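The following paragraphs lead through one protein model, element by element. Keep the structure in view while reading.

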Amino acid sequence: MVSKSENASSQMDGLWSLPFTEEVNAEIASQEVCVIGVFGKSAWGHVSKGMVLNKLTETSVFPTHYPDYSVNPSEMGRDPRLEKFMPKIEGYYDRKRKIVFLHLSTTLDAAALACACAEMGSKLTNHSDSHHFWKGQESEIVFSLVFLFSVCHILILVHPVSMFDISYDSLFHHISTFRGKLLPLVKDVLKECTVGRDWWVNGRPCPPRLLFVVQKSHLSNKRNPEAAGDATKKKKPPLKRLQHTLEDQIYKILRNSRVLTNNAINCLFTVPPNQAFVHIMTKQYSQVKRDEDPINGMLQLLRKSCETHRDPTAKSRAYRLLTNPPTQWEEEDEEEKENPLWEFLSQHTELVFDKKGFKDSVGRNPLPTHFELPVLKNWLKVANELFKLFFSTLKIEKDEEVQVKTSEIKQQLQVHLDPEMRFSEARCGKVVSHASAAYQANLPLHYTSKVHRNQLAQALATYALHARGPAKDKYEVCVQAECEAFWNDGRRLCEVRSLTGRHCVHRFHDLPDDLKPQPDANPPKMFHSSRSRSLAASSCGRIQGSREDPFTLKEANCGFYARLDARAHVLPDSDIFKFPIHCSEKQDKVLVSDELHKFVEQMTISGKEADESASKPKTSTPGGESEPGVQSYTQESEAEEVEEATETTESESRQRTVSANYEFSLNSDAMAEVEYQDESSEPQLFTEGMIHSQLALEGVLPLFSSWSLVRLGSSNLYTPNRGLEFPGFLPGTNYLVPWEISIMTEEPGTTHWPVPGEARKLPIKETKLTLRETTTKAYVGYEYETPRGQRFICSGPDKSVKVTSSGVVRDPIQPLLDLNMPLFTLSPVSGRSGKMLTGQLMRVIVVTPPESSVRINMKPQVVPGPSPAPTFYPSDPEISLRPNSMWVLRLPYVYVSESGPHIQPKDSSQLQAWRVLKMLSAEVDK
């Protein structure tokens, strides 16, 4: 079996990452190691920073970095700052040279930068989020470099071109500043590690030395041939002169910015005063680009194979070359090539292993610098603990205080690294007050959401005109929140619209019975009101009252009329048509046992009494059954007459009547027995609105009736010469249109009187009955009503009734019977301002003739609007009116379907689409 130490030793041979938790082999655990960190910028692929490390280690351990454009679907909903974009530190231990290499990979590398740009382009939709992401990357890079400057002896800054990036100067200042703030936390961590006192006090093994490696340059390392022939001119090669120029330039920049000072112990890093610290690897870069590129390497191998003769043993050699990386394609017996990069670095590592340290202080009295060369085991422990301090996200109770301090320092770092955000917040914070003032300008005490949106748009326009920087989106939300708070602070208008299209004029409020929480802190309790009133008549039309603009369907079509009808003359229950409505099972049973039984008792008469009443109509249909859904008021007429007569005798005949929900079988002997039509039937469906043709289900009943049909009395109440004596009618428009109906009557046969003195020739016989055609009159009127209480009757579409001076109506009845009537029409007289008022068809008044042989049927249907408006009708669609009566059908005030209320159009040219279908017909019994 393989031991843990051997496994850890094998892991140390390849790449590993921190924290390194495996046990280190005892053979290498006690080795004193030099730690070198590599960071900076580079291109992707085989010419990335990994190429520099591979040249130093003479291996191919560090992989090439290419952009990874693949997006994991599981990470699409996460925060844009994904873990794969966070800085990563790769470690490698060179046993031969006893050097630990740490490679820092960040978004400064071209591969990670391209991947981040590709993925963040689809996730970061605005400038603020993008700015926050990249500034977060900068803060993480600073923390990573603070870690490297705390554990390394030598740091190598890799740059792709031969030019010093001036942005490194500010980066070094940030690292130095926040390393000082993190030093107390670092010292607390080092207390538990095996380090020297100087390391613990300064938080690092030594002031690290910083070296610069430039990957490519277009200059040559050879001397000019013209200058080479002149012995007096001793010029160095151009590449060498460029190296010295860069060293001077870098040193001057860092000295002027005080990154480098005389005393190395107080500096973030040092540079050697008497040694080269800049290396340009142009030759190696070109060689790597030419040889280590897999495509170029394969082409060169193919070219060599074609040029040279291959012996039988060449197959195994080609196989070996193809299976090995490009760096191992050279012959084994080839002489070892020179490595200028290692020669440049070795002169600095020798000082580390000599334990003399770097004496980079300058000046007359330089202060000595500390130096410590740790063993591998102790260094790994220090690196693990510091890595947990800087990068760990695990919450441990004993380390919670340390993590809080670390997060505070990170927040300070983000603020320090982001002067654009500081300026933008200061600028946008001032603009918020200006935007709020623009919103509050010229506002009424209470206003609607439309006014609020317009003012908010002006405020945001003012804000956008003056706001700058990445904090613009953040403070734009503040402007919106401040305006919303100002509006909701007692200035919000209740925007619930009435069924006629007017909104409530009160401030935002709750209904007295509303228990739902509202966004306002403490809204008052009150009813809606649009402060719009109209004058309307009761269901019977006898009195008028002031109507508040309704906000509910029940108030508009039922509640108002119920209160007004209570003030009028109370009608008996037999004169009020009961439209079927939905009620619970208990209510149904109570209605059956009390009211309905009493009503049927009044309707029950004996056959003998029916025969004696020759002038009374035969009300029941053949078979004694009435049509389902049609309530016959001829039976109610009989019940009224029986009630005035003496007590009736009992009858053994059975009668059946059908109500809205049940079918009853009634008997005079057992009146309390009730038979249900279907005991296993499902509960009756109901709707909170009105019955119309677009309901999804049939047989649905409303919770209340929006229609009303009442009998004011007998037909004698209407006097044709005087018209209706109801309030509100315009002069000359209160007359009903006469309707002549032909009927057949029975009369005894006629006889001639004998001539005086002439003897009677024929014997006296019984008188014979003859049929004669006569006419009876009914009266019909379609009543319109304006919001000001003006009432008028129309004898046809858009035509008010006209009478003579003696009160005779000359208008024909046929338009009322054959044509559809408009739901809205213009009033015959104009208002005070000269504008024509619009009247709504509210009542249909019918005076039925006294003859029982004439039945007038009514089938109300209203289409409130153009197609696809539904057709509204009552829950009992067809009604047979009782003869010798004056009936008033009151239509709904508003028509509401699932799509909302059907409001009267403002354009009078569109009124024709709102219509009442023809509804009256007459039947004569032969």
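**A strand between two neighbours**

Strand β2 (residues 34–40) and strand β5 run parallel and are joined by five bridges. At one point of this pairing, F39 stands opposite L157 in β5. The model is a predicted one. Strand β5 also pairs with strand β6 (residues 209–214), again in the parallel sense, over six bridges. Here V158 has V213 of β6 as its bridge partner. Strands of a sheet pair through backbone hydrogen bonds, and they do this either parallel or antiparallel.

How many residues of strand β5 (residues 154–159) are buried? Six of its six residues are, and the strand is mostly covered. In a regular strand the side chains alternate between the two faces of the sheet. In β5, I154, I156 and V158 lie on one side, while L155, L157 and H159 lie on the other. These residues are all buried, so both faces of the strand are covered.

The next topic is the packing of nonpolar side chains. The largest nonpolar core has 93 residues, and those with the most contacts inside it are L102, F147, F172, F269 and W379. Helix α6 (residues 167–190) gives the most to this core, contributing 10 residues.

The surroundings of L102 can be followed residue by residue. Leaving aside residues up to four places away in sequence, L102 touches a set of residues that includes W16, I89, L148, V151, C152 and W379. The residues V35, I36, G37 and V38 are also among its contacts, and strand β2 spans residues 34–40.

**Salt bridges**

The salt bridges in the model come to 20. One of them joins D188 and K191, with the closest N and O atoms 4.0 Å apart. D188 is partly exposed because its relative accessible area is 43%, whereas K191 counts as exposed because its relative accessibility is 57%.

Another salt bridge is formed by the side chains of R711 and D575, at 3.3 Å from N to O. This pair links distant parts of the chain, 136 residues apart: R711 belongs to strand β14 (residues 708–713), and D575 to the loop between α19 (553–567) and α20 (585–603). Are these two residues buried or exposed? Both R711 and D575 are buried.

K799 and D811 form a further salt bridge, in which the closest N and O atoms are 3.8 Å apart. K799 sits in strand β18 (residues 799–800), and D811 lies 12 residues away in the loop between β18 and α23 (814–818). With a relative accessible area of 39%, K799 is partly exposed; D811, at 11%, is buried. Salt bridges also link E783, E785, R791 and R843 in a network.

**A sheet of three strands**

What is the order of the strands in the open sheet of three? The order is β19-β28-β23, and the pairing is antiparallel. β19 (821–822) and β23 (862–864) are the edge strands, each pairing on one side only. Three bridges join β23 to strand β28 (residues 914–916). Within this pairing, V863 stands opposite R915 in β28.

Conventions. Residues numbered from 1 in each chain as written. Predicted model: local features only at pLDDT ≥ 70, side-chain atom pairs only at ≥ 80, totals over all residues. Heavy atoms only, no water. Buried < 20%, exposed > 50% of the residue type's maximum accessible area, 1.4 Å probe, protein only. Helix = DSSP H or I, 4+ residues; strand = E, 2+ residues; numbered from the N terminus. Pairing = 2+ DSSP bridges. Core = buried A, V, L, I, M, F, W, Y, C linked by side-chain atoms within 4.5 Å. Contact = heavy atoms within 4.5 Å.
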